[in-house]
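Hi,

As promised, here is the structure we talked about. Have it open while you read, and my notes will follow on below.

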Amino acid sequence: MSAAGKRYARAAVEAAMGNGGVAAVQKLSEGLGQFREAHAQSSELREVLSNPVLKDVRESILRAIMGKVNASSETVNLVLLLAENDRVSALDDVLQDINSIADEKAGRLRALVKSAIALDSAQEGRIAQALEKRLGQPVTVATELDPSLLGGLVCQVGDLTFDSSIKRQLEIVRDKLQSGYH
């Protein structure tokens, strides 16, 4: 994460907290996430942001885009500031920092759950409940498909990893077999 990303994130979170507390910070995070997706998917948007010839119309175009996704004023202001200072390249860092700060302020943990198969919302909910019970804090679960696991799950919450994947179990068996023969 960049130092510039942290500065933008802190300033945006402070503005959101002042205007609506944790809910406003969550809306900031969601709005910036939507903008990041649009930025990743739209070559036209990337052109508007990078072409110096379009600098005079950039703000009106960005305001129109942000209005369509019903972005909060903090989100709009942050996107405009990043664009004005040619810092859109720091978007991922800024969003990651905003999510970290939002989680901290809400007393929430964020878990990345990797699975060999796609999980439905009921399964994600059960995983979140189990992690909340184990860790004593609310947990937001994001999932990622990883066929190399063969089966089972790998849950990562901060520096803590719960690995119940078949791949890991096979590695443990292999290590035990190898150490027994030496």
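The buried residues of α3 are covered by elements that include α1, α2 and α4. The residues in question are R58, L62 and M66. Around the helix axis they take up an arc of only 50°, which puts them on the same side of α3. If you turn to the face of α3 away from its buried side, you will find the exposed residues D56, G67 and K68. The length of α3 also agrees with expectation, because 14 residues at 1.5 Å a residue should span 20 Å and the end C-alpha atoms are 21 Å apart. After α3 comes N70, with a positive phi near 55°.

Please keep in mind that this is a predicted model.

Now for the overall picture. The protein has 7 helices and 4 strands, and from the N terminus the elements run α-α-α-α-α-β-α-β-β-β-α. Its radius of gyration is 21 Å, well over the 16 Å that the globule rule gives for 182 residues, so the protein is more spread out than a compact globule. Along the principal axes, the C-alpha atoms fill a box of roughly 70 × 35 × 30 Å. Of the 182 residues, 35% are buried. Taking contacts between residues at least 6 apart in sequence, 64% join residues that are at least 24 apart.

What does the inside look like? The largest nonpolar core has 29 residues, and L32, F35, L62, L78, V94 and I98 are those with the most contacts inside it. At least two residues of this core come from each of α1 (3-41), α2 (43-50), α3 (55-68), α4 (73-84) and α5 (91-106). Helix α1 supplies the largest share, 11 residues.

At the start of α6, a side-chain oxygen of D120 comes within 3.1 Å of the backbone nitrogen of A122. At the other end, α6 is followed by G136, whose phi is positive, near 75°.

R108 lies in the loop between α5 and β1. Is this arginine buried or exposed? R108 counts as buried because its relative accessibility is 18%, and the cut-off for buried is under 20%. The side chains of R108 and Q26 are joined by a polar contact of 3.1 Å. Leaving aside neighbours within four places in sequence, R108 is in contact with Q26, A102, D103, Q137, P138 and T140.

N51 is in the loop between α2 and α3. N51 is buried too, with a relative accessible area of 19%. Its side chain reaches the backbone nitrogen of V53 at 2.9 Å.

K105 belongs to helix α5 and is partly exposed, at 44% relative accessible area. Not counting residues up to four places away in sequence, K105 touches V13, M17 and V22. The C-alpha atoms of K105 and G21 are 9.2 Å apart, although 84 residues separate the two along the chain.

Best wishes

Terms used
Residues numbered from 1 in each chain as written. Predicted model: local features only at pLDDT ≥ 70, side-chain atom pairs only at ≥ 80, totals over all residues. Heavy atoms only, no water. Core = buried A, V, L, I, M, F, W, Y, C linked by side-chain atoms within 4.5 Å. Buried < 20%, exposed > 50% of the residue type's maximum accessible area, 1.4 Å probe, protein only. Polar contact = N/O pair within 3.5 Å; in protein donor to acceptor, adjacent residues only side chain to side chain. Rg over C-alpha atoms; globule rule 2.2 N^0.38 Å. Contact = heavy atoms within 4.5 Å. Expected span 1.5 Å × (residues − 1). Arc of directions from axis to C-beta.
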